[in-house]
Amino acid sequence: MPPTLVRVTPEHAGFPAAAALFDDYRVHYGRPSDPSATAGWLTRQITTYGLTLTVALQSSRPAGLITTLVLPASLRLGQVRSVRDLFVDPAQRRDGVARTLMEHAIAEARAAGALRISLQTEPGNTAAQALYAELGFRPVPDLDSLTLPLTS
């Protein structure tokens, strides 16, 4: 059975469980658990910066999440979408949760008239890369990703 997708805001009854799953995501990538700071950060990102948090529910429990952001496409006077985070509880993997979340994000971007949807992933994340390729994502030729660290 496919998961139920719910857009979650800080006011939503499911926000504490979604924030806990987001904290698990951070821990998965080597960050220390900090449920209070995670919930505060998510609240600010959603209410101040427009981050969208969608949660996949299996049996009314969060199985995965995706965050997206709307960005301007200045030269085309349009908008693009950026997938910022995608995480599925390890116990729920290989059940189509990530695909369902990605297909939802793509459909929302299309419905909003976005010009494209982009994401970044780690070079060694082959399972995610395979999913993204199946969904039609391709590397951008002649584009380098650059960053300037502002803190250590």
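Which residue is the bridge partner of A56 in β3? The partner is G64. The structure is a predicted model in which local features need pLDDT of at least 70, side-chain atom pairs count only at pLDDT 80 or more, and totals for chains, interfaces and linings use all residues. Residues are numbered from 1 along each chain as its sequence is written, and side-chain values use heavy atoms, with hydrogens and water left out.

Helices (H or I, at least four residues) and strands (E, at least two) are DSSP runs numbered from the N terminus. Two strands pair if DSSP finds at least two bridges between them.

| Strand pair | Sense | Bridges |
|---|---|---|
| β1 (residues 4–8) and β2 | antiparallel | 5 bridges |
| β2 and β3 (residues 61–73) | antiparallel | 7 bridges |

Within β2, V55 is the bridge partner of V6, and T54 is that of R7. The hairpin formed by β2 and β3 has 2 residues between the strands, and S59 in the turn shows a positive phi of about 55°.

An open sheet of 5 strands has the order β1-β2-β3-β4-β5, with mixed pairing. Because β1 and β5 (117–119) stand at the edges with a single partner strand each, one side of each is left without a neighbour in the sheet. The twist averages 30° from one strand to the next, with axes being lines fitted to C-alpha atoms, for helices over the stretch in contact (heavy atoms within 4.5 Å), and angles running from 0 to 180 degrees between N-to-C directions.

Helix α1 (residues 15–28) lies across β1, β2, β3 and β4 (78–88) and runs at about 80° to β3. In strand β2 (residues 52–58), 6 of the 7 residues are buried, so the strand is largely enclosed by the rest of the structure. Buried means under 20% relative accessible area, exposed over 50%, and partly exposed in between (1.4 Å probe, protein chains only).
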